Amino acid sequence: AILSRRIMPAATSSSDVNIWAIVPAAGCGSRMRSATPKQYLDLSGRPVIEHTLAALFAVPRITGIVVAVADGDVTWPNIAGCFSDRRLEQVSGGAERCHSVLNALEYLCATASGRDWVLVHDAARPCVQPADIDRLIDTCMRNTDGGLLGMPVSDTMKRVDTKGNVTATVDRTDLWHALTPQMFRAGQLLEALRQGIRAGKTLTDEASAMEAAGYAPRMVEGRRDNIKITVASDLQLAGFYLQRQHA
Ligand code: C5P
């Protein structure tokens with residue numbers, strides 16, 4: 001992993017635990033059909049990831065942020081330079097999101113306690129609000145298995161075959177969208193991710209690794225404007241949400 005300076009743990013006694021943030025930002029954004037990775041696209045005059053980092057920096061309880069970026073990424077150093085805040089670090093991303101998160105977590109765990117908490121938040125979710133992050137932190141600190149922001153599904157859900165035909169309607173009463181941040185004990189998440197990757201599981205979020213390891217993360221209802229930039233039209237919607245948040 002490419003490392004810059006090391007964040008020194010801020011906890012002063014063994015009973016203190018730190019809260020760290022990991023931001024996977026090593027995706028190439030193939031679904032956007034854009035040469036620029038989605039975390040660097042312009043959103044209201046700033047790259048998407050700058051909004052994301054600003055939201056995390058607005059939560060004073062977060063001790064440090066580790067960003068996973070692709071090797072050879074020439075855009076990131078300019079953005080990192082904009083944040084003179086000492087709490088920002090970088091590591092190399094991996095082949096998939098889960099590998100990027102694992103790299104960041106291994107870096108953190110070299111100095112942090114396994115009992116520390118880690119919040120994993122997609123670089124591509126710039127509209128997350130500090131109040132939601134605070135609520136997640138408060139809830140997770142009371143729940144040993146950690147938790148995540150989510151929202152109940154409101155549309156009717158269909159299962160569709162490869163030809164594009166509907167094969168079933170799925171009961172939506174207990175279905176939720178999994179958002180980020182997702183918050184877990186660093187040591188537990190590290191072990192769960194290693195296990196999940198070793199077992200060849202498809203891990204599109206951290207909670208799925210925790211679930212596979214036998215944990216039951218707590219679902220915390222979050223704001224519906226915490227969207228992930230995935231297709232080009234999401235940028236306009238995110239711009240509208242940010243404008244409303246800052247109004
Ligand atoms: O592609 P997806 O929408 O799942 O990406 C979610 C987040 O994971 C994005 O912020 C993206 O940059 C990041 N990612 C990563 N490493 C990868 C793939 C995606 O850090 N190999």
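**First stop: Gly114**

Select Gly114, which at 36% relative accessibility counts as partly exposed; here buried means under 20% relative accessible area, exposed over 50%, and partly exposed in between (1.4 Å probe, protein chains only). The model is a predicted one, in which local features need pLDDT of at least 70 and side-chain atom pairs count only at pLDDT 80 or more, whereas totals for chains, interfaces and linings use all residues. Residues are numbered from 1 along each chain as its sequence is written, and side-chain values use heavy atoms, with hydrogens and water left out.

Gly114 belongs to the loop between α3 and β6 (117–120); helices (H or I, at least four residues) and strands (E, at least two) are DSSP runs, numbered from the N terminus. Leaving aside neighbours within four places in sequence, Gly114 is in contact with Arg185, Ala186 and Gly187, where contact means heavy atoms within 4.5 Å.

Next, select Arg125, in the loop between β6 and α4 (130–140). Is Arg125 buried or exposed? Its relative accessibility is 7%, so Arg125 counts as buried. Beyond neighbours within four places in sequence, the contacts of Arg125 are Thr52, Ala178, Leu179, Thr180, Asn226, Ile227 and Lys228.

From Thr180, proceed to Pro181: a cis peptide bond joins Thr180 and Pro181, with omega of about 10°. Pro181 is placed in strand β10 (residues 176–185).

**The ligand**

Now select the ligand and the 16 residues around it, of which Pro24, Ala26, Lys38, Gly94 and Ser100 come nearest; a residue is near if one of its heavy atoms lies within 4 Å. By class, this shell has 6 nonpolar, 4 polar and 6 charged residues.

Polar contacts are pairs of N or O atoms within 3.5 Å.

- Lys228: a polar side-chain atom lies 3.0 Å from a ligand oxygen atom.
- Ala95: a polar backbone atom is 3.1 Å from a nitrogen atom of the ligand.
- Ala25: a backbone N or O atom lies 3.2 Å from an oxygen atom of the ligand.

Taken alone, the ligand exposes 460 Å², and the protein buries 86% of that area (Shrake-Rupley method, 1.4 Å probe). Colour β1 (19–25) and α3 (97–109), the elements that give two or more residues to the shell.

**Cysteines**

Select the cysteines. How many disulfides does the structure hold? There are 0, a disulfide being a pair of cysteine sulfur atoms within 2.5 Å. The sulfur of Cys28 has its closest cysteine sulfur in Cys98, 15 Å away, which is too far for a bond. Cys140 is likewise in no disulfide, with the nearest cysteine sulfur, that of Cys109, 17 Å away. Cys28 is exposed, at 56% relative accessibility, whereas Cys140 is buried, at 0%.

**Last stop: Ser44**

Finally, select Ser44, in the loop between β2 (42–43) and β3 (46–47). Ser44 has a positive phi of about 50°, although this residue is not a glycine. Most residues other than glycine have a negative phi. With a relative accessible area of 53%, Ser44 is exposed.

Key:
Polar contact = N/O pair within 3.5 Å; in protein donor to acceptor, adjacent residues only side chain to side chain. Nonpolar A, V, L, I, M, F, W, Y, C, P; charged D, E, K, R; others polar.
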